[in-house]
Amino acid sequence: MIEKLEVSLINENVHNFKKGEFGVEKIEIDQDKGLIEIIYAPKEDGIKKVIIPLQNIEKVDFTEKEDILDKLTE
């Protein structure tokens, strides 16, 4: 599970996302689809999602937290 993500885009913009901060619920990297998806907590007007194509990214740094339950089942 990804806890923190820093994305440097080819246009030199840098974006930071952290689970639990500003309503960020989930951060996923889908290499098959070529996307990074940031999902925010539901609000009265719906669920906000940010989708960043991997082709627009110069650099990605992320912190991944291992699930203790996954370790126990190995």
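The model is predicted: local features need pLDDT of at least 70, side-chain atom pairs count only at pLDDT 80 or more, and totals for chains, interfaces and linings use all residues. Residues are numbered from 1 along each chain as its sequence is written, and side-chain values use heavy atoms, with hydrogens and water left out.

Start with the overall plan. The protein chain has six strands and one helix. Both kinds of element are DSSP runs, numbered from the N terminus: helices (H or I) need at least four residues, strands (E) at least two. Along the sequence the pattern reads β-β-β-β-β-β-α.

The strands form sheets. Two strands count as paired if DSSP finds at least two bridges between them.

Strand E1 (residues 2-9) is joined to E6 by seven bridges, and the two run antiparallel. Find Val7: its bridge partner in E6 is Val60. E1 also pairs with E2 in the antiparallel sense, over five bridges. Here Lys4 has Lys18 in E2 as its bridge partner. E1 and E2 make a hairpin with four residues between the strands. In that hairpin, Glu12 takes a positive phi near 75 degrees.

Another open sheet of three strands has the order E3-E4-E5, again with antiparallel pairing. Strand E3 (24-30) and strand E5 (49-53) stand at the edges. Each has a single partner strand, so one side of each is left without a neighbour in the sheet. The twist averages 10 degrees from one strand to the next. E3 pairs with strand E4 (residues 35-40) in the antiparallel sense, over six bridges. In this pair, Ile27 has Ile38 in E4 as its bridge partner.

What lies inside? Buried residues make up 20% of the 74 residues in the protein chain. Buried means under 20% relative accessible area, exposed means over 50%, and partly exposed lies in between (1.4 Å probe, protein chains only). The protein chain exposes about 5900 Å², and carbon and sulfur atoms supply 48% of that area. These areas come from the Shrake-Rupley method with a 1.4 Å probe; for residues, only the protein chains shown count as cover.

Next comes the core. A nonpolar core is a set of buried Ala, Val, Leu, Ile, Met, Phe, Trp, Tyr and Cys residues joined through side-chain atoms within 4.5 Å. The largest one here has 12 residues, including Leu5, Val7, Phe17, Ile38 and Ile52. E1, E3 and E4 each supply at least two residues of this core. E1 gives the most, with four residues.

Tyr40 also belongs to this core. Leaving aside neighbours within four places in sequence, Tyr40 is in contact (heavy atoms within 4.5 Å) with residues that include Phe17, Phe22, Val24 and Ile47.

Go back to strand E1, where Leu9 is found. Is Leu9 buried or exposed? Leu9 counts as buried because its relative accessibility is 14%. Not counting residues up to four places away in sequence, Leu9 touches His15, Ile52, Asn56, Ile57 and Glu58. Leu9 and Lys59 are 50 residues apart in sequence, yet 6.9 Å apart in space, C-alpha to C-alpha.

Ser8 lies in strand E1 too. Ser8 is buried, with a relative accessible area of 15%. Its contacts beyond four places in sequence are Asn13, Val14, Ile57, Glu58 and Lys59.

Leu35 lies in strand E4. At 26% relative accessibility, Leu35 counts as partly exposed. Beyond neighbours within four places in sequence, its contacts include Glu28, Ile29, Ile51 and Pro53. Leu35 and Pro53 are 18 residues apart in sequence and 4.6 Å apart in space, C-alpha to C-alpha.

Finally, consider contacts across the chain. Among contacts with a separation of 6 or more, residues 24 or more positions apart account for 36%.

Methods
Axes fitted to C-alpha atoms, helices over the stretch in contact; angles between N-to-C directions.
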